[in-house]
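Work through the two exercises below with the model open. Each task is followed by a stepwise solution.

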Amino acid sequence: MAPMSELAGSSDLPEHVARNREAWDRYAPDYVAAGERGWAQDEPTWGIWRIPESEAHLLPDELAGRDVIELGCGTAYVSAWMARRGARVTGIDNSPKQLETARRLQEQHGLHFPLQLGYAEATPFPDASFDVAISEYGAAIWADPYRWIPEAARLLRPGGELIFLVNGTLQILTIPDLEADGPPTERLVRPYFGMHRFEWPDETSVEFHLGYGDWIRLLRRSGFEITDLLELRPPAGSTTTYTNLATLDWARRWPCEQVWKARRAR
Ligand SMILES: C[S@@+](CC[C@H](N)C(=O)[O-])C[C@H]1O[C@@H](n2cnc3c(N)ncnc32)[C@H](O)[C@@H]1O
């Protein structure tokens, strides 16, 4: 798959990338407020429950002077948090509209780093350009893992760290087909075996979710050693604006979000 340039039209894109570009350009206005809130914070918070970094421990201990790529950066608040910790950050995202918000927030906060229009399955960066690759609900769920995980391995230097936050497997298995039918229940409503590409009936976008064994085998054969799997549990009393994705009671009993951490083999 050839790297795309800023000028590439959507007809040159893989089918799911074109569909997700159209969808995310449409969703972008709904993500402006979260982007503004994220950029305004000093302490990173993660996922739909906004769990503080001091509890979640996603980020590497040392970021100063390290080259970091955020894959599917959206409004780029995660990139901003890392840039403020001294990292040399680059963000890549598939949605021109999301990047528009990111560029406006860069101006507003006087914090600039490269933002690239493109997709995580085939990026325009040279091999071994980064020490850390991170994604919070970006490439992590919207890019095809069988393409973006090997691409992340290509981009990372030996010993480089990959960190990505995705929906919990049990959440994906229990959430109703239609958003209007509310948050996940205690009933498995779809098969675990064969998890990969998801098209929700009320959306035009395409998501990707794998089962545990498939994630482990994909990461290992792409040259990663798995260093952790964090299963995020919101603190009692947490709130979320994403009420269709989980109730607090559900998320206190089962992980509705999980974070894979892996290291590129030396
Ligand atoms: C939910 S946002 C993630 C950013 C931010 N952390 C957040 O939670 O708002 C999802 C982003 O993934 C981007 N995206 C979708 N498919 C992508 C792909 N194949 N490569 C890179 N970015 C992609 C979308 O354009 C969107 O900006």
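**Exercise 1. Which residues are closest to the ligand, and how many surround it?**

Step 1. Count the shell, taking residues with a heavy atom within 4 Å of the ligand. There are 19, and the closest are Asp93, Gln98, Ala120, Glu121 and Glu136.

The model is predicted: local features need pLDDT of at least 70, side-chain atom pairs pLDDT 80 or more, while totals for chains, interfaces and linings use all residues. Numbering runs from 1 along each chain as its sequence is written, and side-chain values use heavy atoms, without hydrogens and water.

Step 2. List polar contacts to ligand nitrogen (pairs of N or O atoms within 3.5 Å). A backbone N or O atom of Ala120 lies 2.9 Å from a nitrogen atom of the ligand. For an N or O atom in the Glu121 side chain, the distance to a ligand nitrogen is 2.9 Å. For one in the Glu136 side chain, it is 2.8 Å.

Step 3. Check the cover. Alone, the ligand exposes 570 Å², of which the protein buries 96% (Shrake-Rupley method, 1.4 Å probe).

**Exercise 2. Where does strand β3 sit: enclosed or open?**

Step 1. Locate β3 at residues 67–71; strands are DSSP E runs of at least two residues, helices H or I runs of at least four, numbered from the N terminus.

Step 2. Five of the five residues are buried, so β3 is largely enclosed by the rest of the structure.

Step 3. Sort the side chains. Asp67, Ile69 and Leu71 point one way, Val68 and Glu70 the other.

Methods
Buried < 20%, exposed > 50% of the residue type's maximum accessible area, 1.4 Å probe, protein only. Near = heavy atom within 4 Å. Polar contact = N/O pair within 3.5 Å; in protein donor to acceptor, adjacent residues only side chain to side chain.
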